[in-house]
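Hi,

Here is the structure we talked about, for you to open alongside this note. Have a look at it first, then read on for what turned up.

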Amino acid sequence: MSIKIENVRKSFGNFHALDGVNLEIPSGELVALLGPSGSGKTTLLRILAGLEAADSGRILVEGRDTTEDHVRERQVGFVFQHYALFRHLTIFENVAYGLRVKPRATRPDKDYIHSRVTELLKLVQLDWLGDRYPAQLSGGQRQRIALARALAVEPRLLLLDEPFGALDAKVRLELRHWLRRLHDDLGITSVFVTHDQEEAMEVSDRVVILNAGQIEQVGTPEEVYDAPATPFVHEFLGLTNLFTGHLRQEVLAAGRNVKVTEETALDDKQGAHAYVRPYDFEVSLQADGEDYIPAELRFAQTIGNIVRLQFIIPGREEPVRVELEKTKFRALRVGIGAKLFLKPRHVQIFVKDRKDAAWAGTGS
Amino acid sequence: MPFSFKKRSVLPGFGLTFGYTLFYLSLIVLIPIGALFLKSSTLTGSEFWATVTAPRVLASYRITFGAAFIAAFFNLFAGLLIAWVLARYEFKGKSILDALVDLPFALPTAVAGIALTTVFSVNGWLGKPLNALGIHVSYTPIGIIVAMIFISLPFMVRTVQPVLEDLEKELEEASATLGATRLQTFRRVILPVLTPSLFTGFALGFARALGEYGSIVFIAGNMPMKTEITPLLIITKLEQYQYAEATAIAAVTLIISFVLLLFINWVQWHNRRKYSL
Amino acid sequence: MPSPISPAPAKNGPEVRQQTPRARMRDAVGEPPWMRRLLIGLAILLISVILLVPLAAVFHQAFAKGVDGYIAAITAPDTLSAIRLTLLACAIAVPFNVVFGVAAAWAIAKFDFKGKNFLITLIDIPFSVSPVIAGLVFILLFGAQGYFGEFLSEHDIQLVFAVPGIVLATIFVTFPFVARELIPVMQAQGTEEEEASISLGADGWKTFWRITLPNIKWGLLYGVVLCNARAMGEFGAVSVVSGHIRGETNTLPLHVEILYNEYDFSGAFAVASLLAFLAVITLIAKKFLERGVRAEIKAAENMVPEQGALHS
C-alpha cells in the first residue's frame, strides 16, 4: 500500500514538531524514520496512525485522502515502544483482541479467532506462551507479542515506534534480523522509528532522516551514507572530523590544507564544510606529496581489531580522530608523541549556497 | 545479632524503633482490642449466640449492612465518575473540586451529621424538594444511606483516581489502533485495570460505613428495629450497663471489619503479583 | 505537550476553520466534547449535592441568629472550655502519634524483616475499627467494672469519663495517620543516603536529624495535619468515654451534639462552624502539602532509579 505525505505540519505550543513534511512511501517497503530525539519522527508516525492530528497537510493512502479518518478506521498496526500489552489479558487474548472488538457483522467466529491467533503466535515463535500473562514474559517476547497483536487485524500498514529501544543489545540484534525476515515474508508496507543509525541502516529498504521537524534526506541506506545531502546527515550517521574554511580552487584551507582529490566546480572563497571519517585517513611516516598533513599522535586506544587514534594538527584545536586496523598501526612502530602524516582518502564537502542557504554536497 | 529475623543493615536504631513500635502498638491497640475479645469470652457460647442474634440486634445488622452496601454501591458509580473527571479532564475549578472530595475526611462527623440532618429535613434545602416528590430522608433508612454515602465517597474516589492517573495512554491507543470503539476500550481495557481498585474502594467505603456513628445518629431517628444502626445499639447497651452484651455485639462487628481488611489486602497483593509489569 | 485525553480548550482563534474535523481526530483516544461536558457536569453536581451543600448549610445555619448570636454562642463559657479540652487532647495525642509514626516508619521502611506486612496491617487496625468500639475498649479496661477498674478506684484514679479517657480514645483513633503517611515516603527514599551518612562517620541520631528528617518533612507535616484534623473532630469514640459532663469532659464535637439535642440549633451550628472552618483549612493545607509529599517521593525515585522499579 503506497502512502503519500503532503506538506504535513504539527506544532505543540511553540514547538514545531513537524515543519512541512513531504514523503512518499512505495508499497511493500520497510522504511526507517531516523533522527535525534525531538526531530519529529515519532510525531510523524503517530500522525500516520491517526493517533495525532496534523495541523495542516494531507495523508494519502493509495491516492485516497485519509487525513480525517479515525484511528479505528485506518487499519494500521501500531507497535508501541513499551509494547502497551494489556496486562490483565493472557497472551492469547492480547493477540485476539483486535478480532474480538470487530463490529458484530464482520467479527470472525470463535474457531477462526482461535486458528488465526495460534497461527500468529507460531509466526512470532511464541505459540507455547498463549496462557501466560504479559508480566511473565521477557522484553523480547513482549515485543514479538505486540507485533503479533498488531498483525492480527491484517493491517494495511505496519507502524513501529522505536521497536527495539527498550531491549538489551543482544536481543535487539536478534530481533532486527527477525523483523527484516518477517517483513520480507509478509510484504506489508512498514514504517519504523529509530534514533539508532546502525539499526536504520541494517533493517530498512529506505531511510528517512529527520531533523528539527524537516526531512533532511530520503534514500537507501547506501545512498544516505555515501552521498549525504546535508552536513547534518553526514554527522548523524557516524563519527567524523569536520574541517571548516573556504574553498580555493580545489583546496580547502582549514588550518592546514585538506586537498580535494577530484575536480570540483566551486567558486573562490566559498564557506565550506569538509568531513573526513576516521577510517578514511592514510597514516604514514613520511609525506609523499602535497596532500599529506603533518600531525602529532596524542592518544591511542586499542578496541578489538582496531586502534582509535587522536592527532593534533598545528593550528587546529579539535584533535583529528583516526581509526586504523591494529596490524597497520603496529606496522608503523610508533608511540604517543610521534610525528606522522595524514592523508584523507575521501573527503565529503558541503558548500553553503548563499542564495537559498541550502547545502550543496559533493563527494570526492 | 539481636533480631535474627532481620536482614543485616549498617543503619542503627532497629531495636529501639521496632521495640517501641511493638510496645506502643500493644499498649494502644492490641491490648485494648484483646480486652474486648476477653470480655466477650466471659459469656458462654449460647449466651453469646443469643445476644448477637437477638431480634433487635439482627435488625440493626440488617439496616447497617444494607445501608452500607447500598451506599458503597452508589459510590461505586459516583466515585468512579468523579475520579474519572478529576483524573482526565481539565476545567476551571477542578482543584477546588478535587480538594472538596476529602471533606468527609476532614469534617468532624458530628458536624456532618447535623448538617446533613438540616439539609434533608422537611424544610431543608434538599429535604423540601425531595419531600414534595414524596421522598422522606430524615429519620428513615434513606437518611442512613445518605450519611453513609457522604462518609464513604472519598474512599472510592481516592482509591480509583491514582490508578486512572497511572494508566498508560498507550494502552488506550493500542486498543484504538486495533479497531476498538471508545466503549469497547473502556469495557475491555480500562475497566479490568480499574476493577481491583473498585473492589478496594468499595470494601474500604463499606467498612467505614459499617462503623460510622457520628454522622448517622442525627439523621437516622434511631428507632429500634427500624433505623437503629449497630454502633448505636452498642452505645445503648453500654448506657444500660449491659457490658457483656455490648462487647459481644462489638466483637462480631470487629471480626467482620477484620475480614474486610484482610480481603482488601488480599485483593491488592493478588493484583500486584499477577499483573504488575 | 497537551495530552489527547485532556480536552484541548477550544480557543476561538483564526484556526476555527479547521476545528471541526481536526477536533474529531484529536479525540483519537478521548471522549467527544459533549460527553466530556456531561461527565464534568455530573461530577460537579454530585460533589455539590453530597459535599458542598452540607458544608454551606453549616455556615448558613451558624448565622441564623445574626452575628451577635454567633459570637455569643462561640464565647459561651461551656464552648470555651470545650475548645480548651479539644486543644489539650490534640496537644497530647498528636505528638504521641508523631513519635510513634516516625519510629514505626524508620523500622519498617529502613529495614527488612519477616512479618513486615503483618505489622503494617496491625498498624492499620484503628482505621477499620468503629469509633464506638474504640471508646468501648477503654471502658472495658479502665471503667468501674473494667479489668483495671478496681485497681484504679483503690488509688482514686479516674481515667474514663474524664480527660485521660478522652485523650486515650483520641490517640487510638488517630494512631495510624502519621505512620501511614511516612512509610511510603521513606520506603521510596530507600536507605542509601542514610548509609552514606553513617559511612561518613555520623551516628544514628545525627543521620536522622540531618538526613532523614529534611527528606520527609512534607510527609510528616501532611500526617500531622490529617492526624490533627481527626483528633479535633473525633466524636464517636470520645462520646463513649467522656461521660458528657458539661464544662469538664466536653470536647467541641460533643458540645455540638449537646447544643443540638437541646434544640439550640444556631448555637450548635455556630460551634460546628468552628470545626467546619478547621476542616476547610485542613483541606487547603492538605492540597498544598500533597505537592511537597509528591516531590519528596519523586525526588527519591529520580535519585535511585531501580527503587522506582521495586515499587511499580
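On the chain A side, Arg72(A), Arg87(A) and His88(A) provide 30% of the area buried against chain B, more than any other three residues. Before you read too much into any of this, keep in mind that it is a predicted model.

In terms of residues, 24 from chain A are in contact with 24 from chain B. There are 2 salt bridges between these two chains, and one that you can look up is Glu173(B) with Arg46(A), at 2.5 Å from N to O. The same interface has 5 residue pairs in polar contact, counting pairs with both residues at pLDDT 80 or more. Strand E6 (76–79), helix H2 (91–100) and helix H4 (139–152) of chain A each put at least two residues into the side that touches chain B. Sorted by class, that side of chain A has 15 nonpolar, 2 polar and 7 charged residues.

Now for chain B and chain C. Here the buried area is about 8,400 Å², and carbon and sulfur atoms give 80% of it. In chain B, Leu11(B), Tyr24(B) and Tyr89(B) lose the most area to chain C, yet together they make up 8% of what that side buries. The contact involves 87 residues of chain B and 93 of chain C.

The rule finds 3 salt bridges across the B–C interface. One side-chain pair to check is Arg182(B) with Glu31(C), 2.8 Å from N to O. Helix H1 (residues 14–40) of chain B gives the most to the side that touches chain C, with 17 residues. By class, that side of chain B divides into 61 nonpolar, 15 polar and 11 charged residues.

Which parts of the two chains does the salt bridge between Asp98(B) and Lys287(C) join? The side chains meet at 2.5 Å, N to O. Asp98(B) sits in helix H4 (residues 94–100) of chain B and Lys287(C) in helix H14 (residues 265–303) of chain C, so this pair joins two chains. Asp98(B) has 13% relative accessibility and therefore counts as buried, whereas Lys287(C), at 22%, is partly exposed. The pair belongs to one network of salt bridges with shared partners, made up of Asp98(B), Asp102(B), Arg158(B), Lys286(C), Lys287(C) and Glu290(C).

As for chain B by itself, it has 13 helices and 0 strands. Its C-alpha atoms fill a box of roughly 75 × 65 × 35 Å along the principal axes. Of its 277 residues, 58% are buried. Among chain B contacts between residues at least 6 apart in sequence, 73% join residues at least 24 apart.

One last pair, this time within chain A: Arg308(A) and Glu323(A) form a salt bridge, with their closest N and O atoms 4.0 Å apart. Arg308(A) is in strand E17 (residues 306–312) and Glu323(A) in strand E18 (residues 320–325), so the bridge ties together parts 15 residues apart in sequence. Arg308(A) is partly exposed at 37% relative accessible area, and Glu323(A) is partly exposed at 21%. Over all chains, the structure holds 39 salt bridges.

Cheers

Note on methods: Residues are numbered from 1 along each chain as its sequence is written. Chains are lettered from A and ligands numbered from 1 in the order in which they are written. This is a predicted model: local features need pLDDT of at least 70, side-chain atom pairs count only at pLDDT 80 or more; totals for chains, interfaces and linings use all residues. Side-chain values use heavy atoms; hydrogens and water are left out. Contact means heavy atoms within 4.5 Å. Buried area is the accessible area (1.4 Å probe) that two parts lose on being put together, summed over both. Helices (H or I, at least four residues) and strands (E, at least two) are DSSP runs, numbered from the N terminus. Ala, Val, Leu, Ile, Met, Phe, Trp, Tyr, Cys and Pro count as nonpolar, Asp, Glu, Lys and Arg as charged, and the others, Gly among them, as polar. A polar contact is a pair of N or O atoms within 3.5 Å; within protein, one must be able to donate a hydrogen and the other to accept it, and residues adjacent in sequence count only if both atoms are side-chain atoms. Buried means under 20% relative accessible area, exposed over 50%, partly exposed in between (1.4 Å probe, protein chains only).
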